[in-house]
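The following note sets out, point by point, what may be read from the model shown below. Please keep the structure open while working through the points.

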Amino acid sequence: RLHAHAAAQLVSPDMRPMAWDRAFYFAHEPVVVYAASHAHLFTPAQVAAIHSAERSVNPVIADLFQRGQDGPMLIHGDLHPDNVHMHRGTAWVLDFEDLMWGFPAQDIAVSLYQARVSAGADYVALREAFRAGYERVRPWPIAAEAQLEALFTARTLMFINYCANNTHDPG
């Protein structure tokens, strides 16, 4: 319902939220994973893996922006279980700090990201239940499993850079 609501909103032209248009999408944070100042945090092999992952996910994200059915819309950007609370049988979405231009597929990737790790063997059933609930309101926006995996990887890259930016380890 959140995506249906967002899709129906007219957005002021002077509103300029960040866009999830690349792997390192937090516009307010420099990309430090490649910086010499943060080299003590990563081995050369890790930096190479991060770079390879970035090169593989950026085209998937660019494809969303080029071929997105109705163009980008406002998405929550941080729609995970800790930001959805239940009260008297109604889900309430909180924490719109990361509101951004993007696509429902990206919000879904954020929503399922944590479950993919924590649900273990139950992940597939959880994802299918999530999809069934989503499809009661809107068509499923994930084009293929590979797209979802790429968006999971993009979220991971963003977190790696976020952690590197917020590390106070002198080396």
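This is a predicted model: local features need pLDDT of at least 70, side-chain atom pairs count only at pLDDT 80 or more; totals for chains, interfaces and linings use all residues.

1. Helix α2, which covers residues 44-67, packs against helix α5, residues 145-165, at an angle of about 125°. The axes of these two helices are 9 Å apart.

2. On the α2 side, the contact is formed by I50, A53, E54, V57, V60, I61 and L64. On the α5 side, the contributing residues are Q147, A150, L151, T153, A154, L157 and I160. Sorted by class, the residues of this contact comprise 11 nonpolar, 2 polar and 1 charged.

3. Is A150 buried or exposed? Its relative accessibility is 11%, so A150 counts as buried, the cut-off being under 20%. Apart from neighbours within four places in sequence, A150 is in contact with V57 and V60. A150 and E54 are 96 residues apart along the chain, yet 9.5 Å separates their C-alpha atoms.

4. Helix α5 also packs against α3, at an angle of about 75° and with the axes 9 Å apart. This angle makes α3 roughly perpendicular to α5. From α3, the residues A105, Q106, A109, V110, L112, Y113 and R116 take part. They meet Q147, L148, E149, L151, F152, R155, T156 and F159 of α5. This contact has 9 nonpolar, 3 polar and 3 charged residues.

5. A further pair is formed by helix α3, residues 104-118, and helix α4, residues 123-135. Their axes come within 10 Å and cross at roughly 150°. That angle makes α3 roughly antiparallel to α4, since the term applies to angles over 145 degrees. The crossing of α3 past α4 is right-handed.

6. Which residues make the contact between α3 and α4? Helix α3 supplies P104, I108, S111, L112, A115 and R116, while α4 supplies Y123, L126, R127, F130 and Y134. By class, the contact of α3 with α4 holds 8 nonpolar residues, 1 polar residue and 2 charged residues.

7. S111 lies in helix α3 and deserves a separate remark. With a relative accessible area of 12%, S111 is buried. When its neighbours within four places in sequence are set aside, S111 is in contact with L79, H80, P81 and F130.

8. Two loop residues may be set side by side. V32 is placed in the loop between α1 (2-7) and α2, and R88 in the loop between β2 (84-87) and β3 (90-93). V32 is buried, with a relative accessible area of 7%, whereas R88 is exposed at 78%. Phi of R88 is near 50°, which is a positive value in a residue other than glycine.

9. What does V32 touch, beyond residues up to four places away in sequence? The residues concerned are H38, N161, A164 and N165. The C-alpha atoms of V32 and A53 are separated by 15 Å, and the two residues are 21 residues apart along the chain.

10. The chain as a whole may now be considered. It contains 5 helices and 4 strands. Along the sequence, these elements follow the pattern α-α-β-β-β-β-α-α-α. Among contacts with a separation of 6 or more, 74% are between residues 24 or more positions apart.

11. Finally, the overall dimensions. For 171 residues, a compact globule would have a radius of gyration near 16 Å, and the 17 Å of this chain agrees with that expectation. Along the principal axes, the C-alpha atoms fill a box of roughly 50 × 45 × 30 Å. Buried residues account for 36% of the 171 residues.

Key: Residues are numbered from 1 along each chain as its sequence is written. Side-chain values use heavy atoms; hydrogens and water are left out. Axes are lines fitted to C-alpha atoms, for helices over the stretch in contact, and angles run from 0 to 180 degrees between N-to-C directions. Angles under 35 degrees count as roughly parallel, over 145 as roughly antiparallel, 65 to 115 as roughly perpendicular and the rest as oblique. A crossing is left-handed if the near helix is turned anticlockwise from the far one by less than a right angle, and right-handed if clockwise. Contact means heavy atoms within 4.5 Å. Ala, Val, Leu, Ile, Met, Phe, Trp, Tyr, Cys and Pro count as nonpolar, Asp, Glu, Lys and Arg as charged, and the others, Gly among them, as polar. The radius of gyration is taken over C-alpha atoms; the globule rule is 2.2 Å times the number of residues to the power 0.38. Buried means under 20% relative accessible area, exposed over 50%, partly exposed in between (1.4 Å probe, protein chains only).
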